[in-house]
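Here is a short tour of one protein model. Look at the sequence and the structure first, then read on.

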Amino acid sequence: MIDNIEHNKTLSTPQIAKLREQAEGLEGVFLNTLVKEMFSSIKTDKSSFGGGFAEQTWRGMQAEQYSTAMAQAGGIGLADQLMPSLIAMQEAAQNPINNSTVPNGAYSK
């Protein structure tokens with residue numbers, strides 16, 4: 001997936017891999033929040049698994065594992081959507097604009 005993203009080739013492959021890792025990490029956090037909210041709507045009383053603190057703890061760990069597995073399997077495409085922006089920001093940071101060629105606004109000479 002890393003090779004499919006167009007950029008100015010100013011970033012090395014390890015830099016792009018690091019950005020990909022960060023994008024997937026953010027997607028994992030988002031998916032974790034999503035799955036936790038989904039589990040919070042499930043009724044946990046005596047009729048299901050018994051309810052209580054242990055079940056709440058278990059559900060949190062289960063949500064974390066589900067979200068990690070989903071992110072590693074490709075997720076929902078959030079990381080793919082973030083990559084072009086992350087690459088553009090990283091390239092912009094590495095290649096600052098020469099201020100002498102940039103006009104200062106509509107009233108600059």
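E24 and R20 sit four residues apart in helix α1, so about one helical turn separates them. Helices here are DSSP runs of H or I with at least four residues, strands are runs of E with at least two, and both are numbered from the N terminus. The model is predicted, so local features need pLDDT of at least 70 and side-chain atom pairs count only at pLDDT 80 or more, while totals for chains, interfaces and linings use all residues. Residues are numbered from 1 along each chain as its sequence is written, and side-chain values use heavy atoms, with hydrogens and water left out.

**Salt bridges**

What does E24 form with R20? The two form a salt bridge, and their closest N and O atoms are 3.1 Å apart. A salt bridge means a side-chain nitrogen of Lys or Arg within 4 Å of a carboxyl oxygen of Asp or Glu. By this rule, the count is two. R20 also forms a salt bridge with D80, where the closest N and O atoms are 2.7 Å apart. Shared partners join R20, E24 and D80 into one network of salt bridges.

How covered are these residues? Buried means under 20% relative accessible area, exposed means over 50%, and partly exposed lies in between (1.4 Å probe, protein chains only). The table applies these classes to several residues.

| Residue | Relative accessible area | Class |
|---|---|---|
| R20 | 10% | buried |
| E24 | 34% | partly exposed |
| D80 | 33% | partly exposed |
| V35 | 5% | buried |
| F30 | 39% | partly exposed |

**The overall fold**

The protein has three helices and zero strands. Along the sequence, the pattern reads α-α-α. Of its 109 residues, 23% count as buried. A contact means heavy atoms within 4.5 Å. Take the contacts with a separation of 6 or more: residues 24 or more positions apart account for 78% of them.

**Inside the protein**

Which residues make up the largest nonpolar core? The seven are L11, I16, L19, A23, A79, M83 and I87. A nonpolar core is a set of buried Ala, Val, Leu, Ile, Met, Phe, Trp, Tyr and Cys residues joined through side-chain atoms within 4.5 Å. Helices α1 and α3 each supply at least two residues of this core. Leave out residues up to four places away in sequence, and A23 touches A79, L82, M83 and L86.

V35 is also in helix α1. With residues up to four places away in sequence set aside, V35 touches A63, Y66 and M70. V35 and Y66 are 31 residues apart along the chain, yet their C-alpha atoms are separated by 7.6 Å.

The accessible surface comes to about 8,200 Å², and 57% of it belongs to carbon and sulfur atoms. Accessible areas come from the Shrake-Rupley method with a 1.4 Å probe; for residues, only the protein chains shown count as cover.

F30 is placed in helix α1 (residues 13-40). Together, F30, L34 and I76 make a nonpolar surface patch of about 290 Å². Patches are made of residues with over 30% relative accessible area and no salt bridge; like charges are joined within 9 Å, and nonpolar side chains (Val, Leu, Ile, Met, Phe, Trp, Tyr) within 5 Å.
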